[in-house]
Amino acid sequence: MKVFISSLITGMEDYRAAAREAVDALGYEPVMAEKFGAKPQTPQVSCLDGLRQAGLVLLLLGADYGAKQNSGLSATHEEYRDAKGNRPIMAFVRSGVTHDPEQMRFLKEVEGWEAGQFRGSFFTADDLRNEIIRAIHTWQVSNAT
């Protein structure tokens with residue numbers, strides 16, 4: 001199964017590496033924008049195509065929202081909205097940081113009572129790796145029965 005890792009790239013490198021390690025450890029294929037290489041498409045088209053080919057999306061949210069695109073949303077927010085309702089999403093939010101105002105609005109959407117979801121939290125890259133392995137394993141077991 002392909003697992004798309006969605007987050008800002010800059011400033012989240014250690015966490016993205018931990019997510020990749022967790023996905024690799026479970027025998028799945030991580031899909032990450034920084035591994036795409038040269039493509040004849042825009043970054044938006046390439047990322048959304050990678051997301052749409054995945055069977056699971058890991059959403060990693062740190063302190064910063066990221067640059068707004070033409071849509072008025074960050075690239076990560078666009079990815080989340082594209083995935084929502086179309087494939088399983090597991091969200092993980094970094095604790096112990098001050099989230100910028102745009103990120104707080106995004107978090108409210110992700111955690112919303114009616115349309116949101118439960119999410120995990122992490123302080124360190126090691127925490128995140130362990131949380132992802134635990135969450136995917138639990139999801140696998142619940143889907144197997």
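**Helix packing and buried residues in a predicted model**

Ser46 is located in helix H2. The model described here is predicted. Ser46 has a relative accessible area of 5%. Ser46 is therefore buried, as the cut-off for that class is under 20%. Beyond its neighbours within four places in sequence, Ser46 contacts Phe36, Lys39 and Gln41. Phe36 lies 10 residues from Ser46 in sequence. In space, the C-alpha atoms of Ser46 and Phe36 are 8.0 Å apart.

Helix H2 spans residues 43-52. Along with Ser46, its buried residues are Cys47, Leu48, Gly50 and Leu51. The buried residues of H2 pack against strands S1 (2-6) and S2 (29-31), and also against S3 and H3.

Helix H3 holds Asp82. The relative accessibility of Asp82 is 18%, so Asp82 counts as buried. Apart from residues up to four places away in sequence, Asp82 touches Leu48, Leu51 and Arg52. With Arg52 there is a polar contact, side chain to side chain, at 2.6 Å. Leu48 and Leu51, both touched by Asp82, are among the buried residues of H2.

Helix H4 covers residues 101-110. Its buried residues are Gln103, Phe106, Leu107 and Val110. These residues lie on the same side of H4, because they cover an arc of only 105 degrees around the axis. Pro101 and Lys108, on the other side of H4, are exposed. The cover over the buried residues of H4 includes strand S3 (56-61), helix H3 (75-83) and strand S4 (89-94). S3 and H3 are also packing partners of the buried residues of H2. Asp100 is found at the start of H4. A side-chain oxygen of Asp100 comes to within 3.2 Å of the backbone nitrogen of Glu102.

Two further helices pack together. Packing of two helices is described by the angle between their axes and the distance between the axes. For H1 (residues 13-25) and H5 (residues 125-144), the angle is about 30 degrees and the axes are 8 Å apart. The crossing of these helices, H1 and H5, is right-handed. H1 contributes Asp14, Tyr15, Ala18, Ala19, Glu21, Ala22 and Ala25 to the contact. H5 contributes Ala125, Leu128, Arg129, Ile132 and Ile133. By class, nine residues in the contact of H1 with H5 are nonpolar and three are charged. None is polar.

Conventions:
Residues are numbered from 1 along each chain as its sequence is written. This is a predicted model: local features need pLDDT of at least 70, side-chain atom pairs count only at pLDDT 80 or more; totals for chains, interfaces and linings use all residues. Side-chain values use heavy atoms; hydrogens and water are left out. Axes are lines fitted to C-alpha atoms, for helices over the stretch in contact, and angles run from 0 to 180 degrees between N-to-C directions. Helices (H or I, at least four residues) and strands (E, at least two) are DSSP runs, numbered from the N terminus. A crossing is left-handed if the near helix is turned anticlockwise from the far one by less than a right angle, and right-handed if clockwise. Contact means heavy atoms within 4.5 Å. Ala, Val, Leu, Ile, Met, Phe, Trp, Tyr, Cys and Pro count as nonpolar, Asp, Glu, Lys and Arg as charged, and the others, Gly among them, as polar. Buried means under 20% relative accessible area, exposed over 50%, partly exposed in between (1.4 Å probe, protein chains only). The arc is that of the directions from the helix axis to the C-beta atoms. A polar contact is a pair of N or O atoms within 3.5 Å; within protein, one must be able to donate a hydrogen and the other to accept it, and residues adjacent in sequence count only if both atoms are side-chain atoms.
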